[in-house]
Amino acid sequence: MGHPTIYPTGTTVYLPEKAWSGYTIYQAADTGALLIDMNGREVHLWKGLRGFPNKLFPGGYVLGSTSERDPKYGFQDEKNLVQVDWEGNIVWKFDRYAWIEDPGHPAQWMARQHHDYQREGNPVGYYAPGLEPKVDSGNTIILAHKNVQRPDISDTELLDDTIIEVDWEGNVIWEWAVSDHFHELGFDDDAKAALYRDPNTRAFGTHAGDWMHINSVSVLGPNKHYDAGDERFHPDNLIWDARETNIIAIIDKRSGHIVWKLGPNYDTKETEHLGWIIGQHHAHLIPKGLPGEGNLLVFDNGGWGGYGRPNPEAPDGLKVARRDHSRILEINPVTLEIEWQYTPTEAGFQAPLDSYRFYSPYISSAQRLPNGNTLITEGADGRIFEVTREYELVWEYISPYKNKRNSNMVYRAYRVPYGWIPQLEKPVETEIEPVDVADFRLPGAAPRGAWMTVEVEGTAAYSEGAFCVATTDEADRKERDPQ
């Protein structure tokens, strides 16, 4: 869809009495990890951090990465994962997962980290009361890559997703690879055939098939389902989602087996009420201590995803499910009932005609806040916003930073309490009321209603200068030829 070339950036809406106020961190394109207050003031920048994402810890520490592998040889591989302090000094680093010898580059150790990681103490990477990530000790869960040959899946080399756990000294103490659990993923014969032919080799570079594209991993943490005796939700278990297969799954940390799953298809009696979850990001259980705790929260991107029977939009059986709008879903993982959702309808748009107005077909996230609001990253448009349970927009921010592709995309943003940043004084909070866009004009622009009304063959027309706009053929002729 087309976009305006001129639009406001920074904070455009802020209602302090309804928002959950704090600092927000996000990746400001190639600039670095940027910290802003609720009024959009840029209060700190960790230049050189790449995000993917940047996670803020108590005391002004940030977990992120500093450099990317040459994309000719590795797709979305980060060379390292680092924790930096307020001044940008590296206080922890992991880069010893794979020894890499890329042509034209010195051989080196790399983390091959991508998309997500969690530090011990907090299961999901965002603020939850009483669940603070450790800053000077503890293990780290990391989502990483490994190239594998699996002829039972495809005769093409696969870019496999692995989940590893490393201790504070950087030792890998646990590892899980999704390709080892192919038979547990639930693909039908059509999907297996399409996947075998082309495991998402993509149209660029010389990469192996990015067949799953897992984009988030979180620890379940303490939760009511396990307290009620459901072993699938053991606090140590891990939840992940894969955008290319439309799968969300929980793995048993001890055995590695998949013990709970949504997708890859959503046409069963148990799931048809959900509609198809497509290309999703940031699936996690809302942590204990937050409203909705224990429910699954996910940014259901829409767009395209899945393997299956060829159809007119996917003649090769790749990306067979498609939808041109996004949703936020909060789902009870036991009953699979939708407890809350934010769709184009709740955003105030007419479905299906204007559904695309809430749409990010890639990246994006959702965070539950302590007051019950939800912080949403509509990543493709660089829009971060907060809504209440009743769908009222109480804070909105548009990133002014663009990358080399002229995109202001934001992968994932997080909100933290002011108290996590002792280096700063609590900022002054100034209300920013929503602008009535119907009446807003730049200086020098004609105000709304600056026309004169004329009658053209019984039909009202609106004229500005010599030209008019009307609804009759005669009026159209006069518009083209005012003489």
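Is Ser-21 buried or exposed? Let's work that one out first, then zoom out to the whole protein. Keep in mind that this is a predicted model.

**Zooming in on Ser-21**

You'll find Ser-21 in the loop that runs between β1 (10-14) and β2 (23-27). Its relative accessible area is 15%, and buried means under 20%, so Ser-21 counts as buried. Who are its neighbours? Leaving aside residues up to four places away in sequence, Ser-21 touches Tyr-14, Pro-16, Met-38, Tyr-418 and Glu-429. With one of these, Tyr-14, there's also a polar contact: the two side chains are joined at 2.6 Å.

**Zooming out**

Now for the protein as a whole. Strands come up a lot here: there are 32 of them, along with three helices. A compact globule of 483 residues would have a radius of gyration near 23 Å, and the protein has 25 Å, so the two agree. As for contacts with a separation of 6 or more, 57% of them link residues 24 or more positions apart.

Here are some whole-protein values side by side:

| Property | Value |
|---|---|
| Span of the C-alpha trace along the principal axes | about 80 × 60 × 55 Å |
| Radius of gyration | 25 Å |
| Accessible surface | about 21000 Å² |
| Distance between mean positions of positive and negative charges | 2 Å |

Of that accessible surface, 51% belongs to carbon and sulfur atoms.

Note on methods
Residues are numbered from 1 along each chain as its sequence is written. This is a predicted model: local features need pLDDT of at least 70, side-chain atom pairs count only at pLDDT 80 or more; totals for chains, interfaces and linings use all residues. Side-chain values use heavy atoms; hydrogens and water are left out. Helices (H or I, at least four residues) and strands (E, at least two) are DSSP runs, numbered from the N terminus. The radius of gyration is taken over C-alpha atoms; the globule rule is 2.2 Å times the number of residues to the power 0.38. Contact means heavy atoms within 4.5 Å. Accessible areas come from the Shrake-Rupley method with a 1.4 Å probe; for residues, only the protein chains shown count as cover. Lys and Arg count as positive and Asp and Glu as negative; His and the chain ends are not counted. The place of a charge is taken as NZ of Lys, CZ of Arg, CG of Asp or CD of Glu. Buried means under 20% relative accessible area, exposed over 50%, partly exposed in between (1.4 Å probe, protein chains only). A polar contact is a pair of N or O atoms within 3.5 Å; within protein, one must be able to donate a hydrogen and the other to accept it, and residues adjacent in sequence count only if both atoms are side-chain atoms.
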